[in-house]
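Let's take a friendly walk through this structure, one region at a time. Have the sequence and the 3D view open as you read.

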Amino acid sequence: MSEESLLKVNHVDVFYGSLQVLWDVSLTVRAGEIVALIGSNSSGKSTLLRTISGFLRPSNGNIEFKGKRIEAMNPYQIVALGISQVPEGRRIFPDMTVSDNLVIGSYNHGARSKREGNLKDVYMRFPILGLRRNQLAKTLSGGEQQMLAIGRGLMGEPKIMLLDEMSLGLAPLIVDELYRTLREIRERGITILFVEQNARRSLKEADRAYIIKSGRIVLSGRAAELREEDEIQKAYFGV
Amino acid sequence: MIESLSDLAMPITAGILLGGLYAVVALGFSLVFGVMKLINVAHGDFVILGSYLAFAALTGIDLDPFLSLVFILPLVLVIGFLVQKYLLNRAMAISADAPVIICLGFSLMLANMFQMIWSPLSRGLTTSYSLTSYNIGGLAIQLIYLLDLIIALAVMLALREFLRRTYLGKAIVAASQDRTAAEMMGINTNKMYAYAFAIAMACAALAGVLVGLTFPFSPTSGVPFLIIAFGVVILGGLGSMVGTLIGGIVFGLAQTLGGFYFGVAAQMFVAYVMVLVILGIRPQGIFGR
């Protein structure tokens, strides 16, 4: 596993208007890792993802991807660099078919030539999507939509995938399935940063984790070590 | 009171053919509203702009209106792209009303420009085939009306296939359904809006050429066609090409049959009443989602 950082968030402050929501947040993801960002509702975790994706600008600090400064770029430019986001609430295109949702995932020029191969891969990985390929995406169940959102993210040939609350509202069995998929995706060389509320599960799946609370990173380290810190977990999550 | 079917054949045929024209008129308006949720109140004036540009080419260099499209279409595509990119995209970022106000400004500017350049006189695109008429099944059907329908179908089919089959088309559709998610796919949604508006302008210009060939027009003809576009979209619903076509035909039929039963003065009134009725019963339109 490479020691060089793929994604680096350096001391960012983020405001919504005059309201500060992130304070001096720093985070590193190295190539090939699975990193978890764990926090409860309104902890700022989704805000951080949105900032990395370019929908928000930090007022202080910067963000680097493969050494390149990205904090001032537009979302569509950041995607073109190889950062793929699987957003909170899936946000699949409801009135487009499953296959069109996947195809639009390969919109970036680098990914277009690999489209057919990637489509086959996605249908193999998620057979249910293949079965439903001509159905409108809004007719899919929650779990199927999440698979579609992940598949769509894969179509863009990303270097890193950001997943925002992937397991929200889904049955445990489906969540297991999805985490298995994440491990396979990592085997393929794609780095993963995922955001979740469930500390216990997240720490089982991640290599390293950051705990965010009220807009600040309060704890970070190897997941194995954080798992052991029972008392701290109870204090921060009441789990 | 029961007319024989053959009496009704004329207004029904006219209504259907007219409906094709109305569908093309509404096409650009529907596209802009569907993609950007923008109500382009200058749409009718952009249609008449097409009529006047073709008129200029016809009277200036004796160019057939259809041929003049070769020049008009690229021109309005570029103008539409620039208008959305530099004006309307910025207006949309300010508020929901700002773009409507700008479009209102365009409407006033265009109507006055038409009057300044071409006077308030009623104009028309008169060609060698303007009065050509065919006898089909005992009915006298004007060539222009037939061309209106055929071209309407062709344009709608082309636009539908573009939106369905090309990356750019799918990107525009995606941007219209979820702007944030579209950006996450690497789609520059501001640019997609500019393309959509450009296409809408081109459709309006094309509709304008057809309108100019079919009816007399004047500087203030924009508003009636804006209302027709509204009516067609309300009747047929958004997001469906077939819906727009059906909406156009229903509107056309309401107009011609209304005129048949209640006199020419009442024909638009009947059409508008039909729109209100549909709005009351099924607000999303016949085919609307």
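Predicted model: local features only at pLDDT ≥ 70, side-chain atom pairs only at ≥ 80, totals over all residues.

| Strand pair | Bridges | Direction |
|---|---|---|
| β3(A) (residues 34-38) and β9(A) (residues 208-213) | 4 bridges | parallel |
| β6(A) and β7(A) | 4 bridges | parallel |

If you want to find these pairings on screen, look for I38(A), whose bridge partner in β9(A) is I211(A), and for I83(A), which stands opposite I160(A) in β7(A).

Which way do the residues of β6(A) point? I83(A) and Q85(A) point one way, S84(A) and V86(A) point the other way, and all are buried. In a regular strand, side chains alternate between the two faces of the sheet.

Now to the helix pair α3(A) and α7(A). Their axes come within 7 Å and cross at roughly 35°, and the crossing is right-handed. On the α3(A) side the contact is made by V98(A), N101(A), L102(A) and G105(A), and on the α7(A) side by L148(A), G151(A), R152(A) and G153(A). By class, the residues of this contact divide into 3 nonpolar, 4 polar and 1 charged.

Why is α3(A) described as largely enclosed by the rest of the structure? The reason is that 6 of the 8 residues of α3(A) are buried. These are V98(A), N101(A), L102(A), V103(A), I104(A) and G105(A). The buried residues of α3(A) pack against α5 (115-125), α6 (127-131) and α7 of chain A, together with α6 (167-177) of chain B.

That last partner leads to the interface. Here 19 residues of chain A are in contact with 16 residues of chain B. On the chain A side, the elements that give two or more residues are α2 (75-81) and α3 (98-105). This side has 11 nonpolar, 5 polar and 3 charged residues.

In the loop between α5 and α6 of chain A you will find F126(A). F126(A) has 22 C-beta neighbours inside 10 Å, so F126(A) counts as buried. Beyond its neighbours within four places in sequence, F126(A) is in contact with M147(A) and G151(A). F126(A) and A36(A) are 90 residues apart in sequence, and their C-alpha atoms are 23 Å apart in space.

Finally, the largest nonpolar core has 168 residues, of which V24(B), V25(B) and A196(B) touch the most other members. Helix α8 (residues 189-214) of chain B gives the most to this core, with 20 residues. Apart from its neighbours within four places in sequence, V24(B) is in contact with A152(B), V155(B), C203(B), L206(B), A207(B) and L210(B).

Key: Residues numbered from 1 in each chain as written. Chains lettered and ligands numbered in written order. Pairing = 2+ DSSP bridges. Contact = placed C-beta atoms within 7 Å. Nonpolar A, V, L, I, M, F, W, Y, C, P; charged D, E, K, R; others polar. Axes fitted to C-alpha atoms, helices over the stretch in contact; angles between N-to-C directions. Left-handed = near helix turned anticlockwise from the far one by under 90°. Buried ≥ 20, exposed ≤ 12 C-beta atoms within 10 Å, placed from the backbone. Core = buried A, V, L, I, M, F, W, Y, C linked by C-beta atoms within 7 Å.
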